[in-house]
Amino acid sequence: MQSPLPVRDGVNATRLRLPEEGPWDTAMDYMMDRWGHIDPQGIEDRFDAGEIVGEGGVPLSRHTRLEDHTFIWYYRTLPQETRLPVEISILHRDEHLLVVDKPHFLPTTPGGTYIQESALVRLRNQLDLPDLIPMHRLDRMTAGVLLFSTNPQTRGRYQVLFEKRQVQKEYECVSAAEPAPGHAAVDFPVVVRNRMRKSRSYLLAEVVDGEPNAETRIERLETFDAGTPAGADGTGGGRRLARYRLEPHTGKTHQLRVHMASLGLGILNDAFYPDLLDKAPDDYAKPLQLLARGIRFVDPVSGKPVEYRSSLELSEAARARP
């Protein structure tokens, strides 16, 4: 449903569905019941200023009846955010698409404590593109190629590509060169298939019995000594790491991280898999060693094959090079 309010400061207006009935006479009564304990004066001021609107952009008043509108829109009060010390690089821009290198630690879209500090809002404000919409998402801790639609007229044609799995994605990660104790040796390349489930109420994705719904092809590209700390013999202290190419054929939440962990090759600096670590402040010196390296598809507007590649490097692999 199209919002009657424009994007402001890079952020969409919030849409709220009003209940069809209840112990509230007005829309303001309902909002006071839900959020009045937080900012009752702010709610009243928004109604008085006409900043809460219904379908068609009609402003609501303190006396607008609950049943008069199904959906209403309003702008949230945005909290102060500390700017994350990471930057976005633009790889490609045309009249239909914006392709960027998203850094580690920056979320794709607003959520939780990150509103202004998301790739979407930063780019909307930086480039003055209020209609910018991501075509897919990368986890906050994953870096790499991220596509945005800049043109609402052609957006649907690109969305169909993702819906029909006509987009090929390639990732890279750094992990141990050999599986952890208790796991079998792996003959690369290998295809991991299983059934994954992610609950809304549970932080982690899990592998369950049943028909496979997640598939990833994994190839080992190179092995090397860890770059730090240096050992007396000039190597990286004796720990062998490897860089892997990951080609997901499905797109389940945390799929790549789960599949690598299932082989005993949990991705370096992963705080979720194979073991959930205690929450800690972001350590910008130790990003998750997972990168969306490339994406390719047949462009639905030009009809030509296109490929976009990340210019980033995983820090552990780069550190080990001469």
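## Pockets and cavity

On a 1 Å grid over the protein atoms alone, a pocket is an open set of points with protein on both sides within 12 Å along at least five of seven lines, while a cavity is a set where a 1.4 Å probe fits but cannot get out; lining residues have an atom within 4 Å of a point. Grid points are joined across faces, edges and corners, and a volume is the space filled by probe spheres set on the points. This is a predicted model: local features need pLDDT of at least 70, side-chain atom pairs count only at pLDDT 80 or more, and totals for chains, interfaces and linings use all residues. Residues are numbered from 1 along each chain as its sequence is written, and side-chain values use heavy atoms, without hydrogens or water.

The largest cavity has a volume of about 40 Å³. Its lining consists of His-136, Val-145, Lys-169, Glu-170, Tyr-171, Ala-292, Gly-294 and Ile-295. That lining divides into 4 nonpolar, 2 polar and 2 charged residues. Strand 7 and strand 12 each give it at least two residues.

## Strand pairing

Strands (E, at least two residues) and helices (H or I, at least four) are DSSP runs, numbered from the N terminus. Two strands pair if DSSP finds at least two bridges between them. Strand 7 (residues 168-176) pairs antiparallel with strand 12 over 6 bridges.

Strand 1 (residues 14-17) pairs antiparallel with strand 2 (residues 71-74) over 4 bridges. Thr-14 is bridged to Tyr-74 in strand 2. In a regular strand, side chains alternate between the two faces of the sheet. Strand 1 has Thr-14 and Leu-16 on a covered face, with Arg-15 and Arg-17 on an uncovered one.

## Aromatic contacts

Rings of Phe, Tyr and Trp (its six-membered ring) pair if their centres lie within 6.5 Å; planes under 30 degrees apart count as stacked, over 60 as edge-to-face and the rest as tilted. The structure has 7 aromatic pairs. One of them, Trp-24 with Tyr-30, is edge-to-face, at 4.9 Å centre to centre and 75 degrees between the planes. Tyr-30 is buried, at 9% relative accessibility. Buried means under 20% relative accessible area, exposed over 50%, and partly exposed in between (1.4 Å probe, protein chains only).

Phe-105 and Tyr-284 have ring centres 4.7 Å apart and planes at 65 degrees, so this pair is also edge-to-face. Phe-105 lies in the loop between strand 4 (97-102) and helix 3 (119-127), and Tyr-284 in the loop between helix 5 (255-262) and strand 12 (290-298), so the pair ties together parts 179 residues apart in sequence. Phe-105 is buried at 4%, whereas Tyr-284 is partly exposed at 36%.

Ring pairs also link Tyr-158, Phe-297 and Tyr-308 into a cluster. Elsewhere, the charged end of Arg-8 sits over the ring of Tyr-75, 3.8 Å from its centre. The criterion is NZ of Lys or CZ of Arg within 6 Å of the ring centre and within 35 degrees of the ring normal.

Conventions:
Ala, Val, Leu, Ile, Met, Phe, Trp, Tyr, Cys and Pro count as nonpolar, Asp, Glu, Lys and Arg as charged, and the others, Gly among them, as polar.
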